[in-house]
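Open the model in your viewer and keep the selection panel at hand.

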Amino acid sequence: MTRRATPARAALLALATCVASCLYADNPYYCEGLPNNFCQPAAPGACTSSAQCGGATPVCDVEDTGVCVPCTTADDAACGDATPVCGDDHTCRGCRAHAECATAACLPEGRCGNAAEVAYVTEGASDAGLCTQAVPCATVARALTTGRPFLKLAGTLTESLTIEGGRQVTLLAAPDARLTGGGGGALITVRDTGTSLAIFDLALTDAPNNTAGYGVIVPAGSGAPSVTLSRVTISNCPAGGISLGAGALTLSRSTLSNNRGGGLAISGVDTTFVVHNNMIVYNGRALGAQPSSVGGVAISSNTAGSSFERNTVAFNESDGLTFRGGVSCNAPRVAAAGNLLFHNVEPDGTGSTRSEASTQRNTQSACAFGDSAAIASDLTNLGFASPLIAPLDFHLTSSSPPAVRDAGGACTGVDFDGEPRPYGAGCDLGADELQPSTGSTSISTLRAPR
């Protein structure tokens, strides 16, 4: 028997229809054609447009997750000066490369530089230019006259610089930017108390071929300037890579190579330094000439708080008369843990060379070497990626022995490549922390043994 619809039942049916078709039509989960025109509710924060978002998550990630997020690569308006870039995780972060900034100048603290603070120098430009991004100038010397604190360098620039008089300058380098031998002295001279120079990613090469031809020098008695070098390459400088006779030096994730006068020399009574995670290789060697006084590293400044840690010092040579072929460090207040010293040599008086472990660092050294290791050269396979054949590469590999891997004890921070330490039971010795999931990167500025 067919049940007749009473007036009351008909009214209820009409109300239900109205709720389904009218009320839900304004609901974000309204789906016409599905039962009751109602979709399964999505996760909290679900959206189809940014109009549905707000607060700390103002952008709808329409192309990917369909939820409200802080930013997307298509909409990073919410990212501020300190964190100008939207990362892959849809959160704002600091810039990591110049290409991430419209001004092509990513500053060390992770913000994008602005036109008022960055001067631009490009090979082949004109010094009649304004040193702007659109109209760069041709020399660093011209850019310094603008008074802007950041200088962005591109191409190969041939000149020598002196930073002095309390100037505070940061040099930023485009990929493959290079400063090479101009004038008669060091590529860069820094002096005077209050002066500060920071350099990031620049190659300093081929200083003038004379006794003043250093890569970077802070002369003795020149006050107390500060120098910061990060991801810098200094190579082929006849007098030496770096000479610090006063002031303060921070050297990290950099390469000193093929500098005939030695890699790094630090002296001075009040000189301070932090030298971590660097490759110091093939210094003090000259084809057809005697090795230099300094091989890899010579440290005589004994200032509390200074440190020389987790560096790879290999294939350097000194004359053995004053300093060792690898590291000479006679400074009891200097921390020198985690270094890897290998195949650094000195003449033995017969025209040949010696490199036994006892001569790879100063036998009178008083530095706190801790778990640093000086490994004799008869262990020919230390597991470096390519220590003898160009392009030379002093990253560790899976064949590196237990004497190197996990042998450096506890440590924190990052290695030569910016990868976290430790990876494994302990830190690896030297500048590189082996990361099995990543490949090695060659040190392209190095030359094969001569």
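At 0% relative accessibility, does glutamate 346 count as buried or exposed? Select glutamate 346: at 0% relative accessibility this residue counts as buried. Buried means under 20% relative accessible area, exposed over 50%, and partly exposed in between, with a 1.4 Å probe and protein chains only.

Before going on, two notes on the numbers. This is a predicted model, in which local features need pLDDT of at least 70 and side-chain atom pairs count only at pLDDT 80 or more, while totals for chains, interfaces and linings use all residues. Residues are numbered from 1 along each chain as its sequence is written, and side-chain values use heavy atoms, with hydrogens and water left out.

**Stop 1: around glutamate 346**

Glutamate 346 is found in strand β28, residues 346-347. Strands (E, at least two residues) and helices (H or I, at least four) are DSSP runs, numbered from the N terminus. The side chain of glutamate 346 makes a polar contact with the side chain of arginine 324 at 2.7 Å. A polar contact is a pair of N or O atoms within 3.5 Å; within protein, one must be able to donate a hydrogen and the other to accept it, and residues adjacent in sequence count only if both atoms are side-chain atoms. The side chain of glutamate 346 also reaches the backbone nitrogen of glycine 325, at 2.9 Å.

**Stop 2: the parallel sheet**

Switch to a cartoon view and colour the strands β8, β11, β14, β17, β20, β23 and β26. These seven strands form an open sheet in that order, and the pairing is parallel. Two strands pair if DSSP finds at least two bridges between them. The edges are β8 (161-163) and β26, each of which pairs on one side only. On average, neighbouring strands of this sheet are turned by 5° against each other, direction ignored. For such angles, axes are lines fitted to C-alpha atoms (for helices over the stretch in contact), and the range is 0 to 180 degrees between N-to-C directions.

Start at β8 and step across. Three bridges join β8 to β11, and the two run parallel. Here isoleucine 163 stands opposite valine 190 in β11. Strand β11 (residues 188-190) then pairs with β14 in the parallel sense, over two bridges. Threonine 189 has isoleucine 217 in β14 as its bridge partner.

How many of the five residues of β14 are buried? In β14 (residues 214-218), four of the five are, which leaves the strand mostly covered. Next comes strand β17 (residues 240-244), which pairs with β14 in the parallel sense over four bridges.

**Stop 3: a hairpin**

Move to β31 and β32, which form a hairpin with six residues between them. Two bridges join strand β31 (residues 384-386) to β32, and the strands run antiparallel. Phenylalanine 384 stands opposite leucine 396 in β32. Show the side chains of β32: Asp393 and His395 point one way, Phe394 and Leu396 the other way, and all are buried.

**Stop 4: disulfides**

A disulfide is a covalent bond between the sulfur atoms of two cysteines. The cut-off used here is a pair of cysteine sulfur atoms within 2.5 Å.

Select cysteine 101 and cysteine 112, whose sulfur atoms are 2.1 Å apart. The torsion about their S-S bond is about -75°, so the disulfide is left-handed. Both cysteines lie in the loop between β4 (92-93) and β5 (118-122), 11 residues apart. Cysteine 101 is buried, with a relative accessible area of 6%, whereas cysteine 112 counts as partly exposed at 24%.

Next, select cysteine 329 and cysteine 367, joined at an S to S distance of 1.8 Å. This link is left-handed, with -70° about the S-S bond. Cysteine 329 sits in strand β26 (residues 327-329) and cysteine 367 in the loop between β29 (353-354) and β30 (373-375), 38 residues apart. Both cysteine 329 and cysteine 367 are buried.

Finally, select cysteine 411 and cysteine 427, which form a disulfide with sulfur atoms 1.8 Å apart. Its torsion about the S-S bond is about -100°, so the disulfide is left-handed. Cysteine 411 and cysteine 427 are in the segment after β32 (393-396), 16 residues apart. Both are buried.
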